[in-house]
Amino acid sequence: MTRLSPRTRKALLTLHLVTSLGWLGTDLVLLTLGISVQRGADPAVVYPVAALIGTALFAPLSVLVWLVGLASALLTPWGLLRHRWVLVKLLITTVMVGLVLLLLTPNLRAAGELGATLPSRDRADLVIAPAVSTTLMIIATVLSTYKPWGRPRRAAGPVASRRQSAMTGRPAR
């Protein structure tokens, strides 16, 4: 693992926070736009805006958040596989990025083109997808804040046993 200076590590963390907050904010805007159509706003006006936001902000931010998060995991002491919460966050983010790029962005583009002729089923999807995405982002934030579950267990070989006995002052079993 490459060690970063404290200053560089803080800059990487700041970039991760800013891009993540941008992604969450954009997601909340998409959710608000989707709800506004459900409540009677003109889809011919709202959906082209949602399509623009989705393609110009949401999709690029999702990829950027994933890349910066991966760099943070690989280049800082947290590591990619050292803590379960980091791995779970990576899995959540990877799934979300895939869904954004493969499903949501094409659906937003279609909604922008179809406007008022978009079927009701597809209109509901443009509310459900950002709602689920927002929930997953909040879960990822909670994981980053509370860092649950500790480290994965490793097989306790002779080196681990000696290290444990040296730390506790008790002989290895």
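1. In this predicted model, among contacts (heavy atoms within 4.5 Å) between residues at least 6 apart in sequence, 77% join residues at least 24 apart. As a predicted model, it is treated with limits: local features need pLDDT of at least 70, side-chain atom pairs count only at pLDDT 80 or more, and totals for chains, interfaces and linings use all residues. Residues are numbered from 1 along each chain as its sequence is written, and side-chain values use heavy atoms, with hydrogens and water left out.

2. The protein contains five helices and zero strands, in the order α-α-α-α-α along the sequence. Helices (H or I, at least four residues) and strands (E, at least two) are DSSP runs, numbered from the N terminus.

3. Of the 173 residues, 33% count as buried, where buried means under 20% relative accessible area, exposed over 50%, and partly exposed in between (1.4 Å probe, protein chains only).

4. Leaving aside residues up to four places away in sequence, Leu30 touches Ala50, Ile53, Gly54, Phe58, Leu104, Leu108, Leu126 and Pro130.

5. Leu101 lies in helix α3 (residues 84–114) and is partly exposed, with a relative accessible area of 39%.
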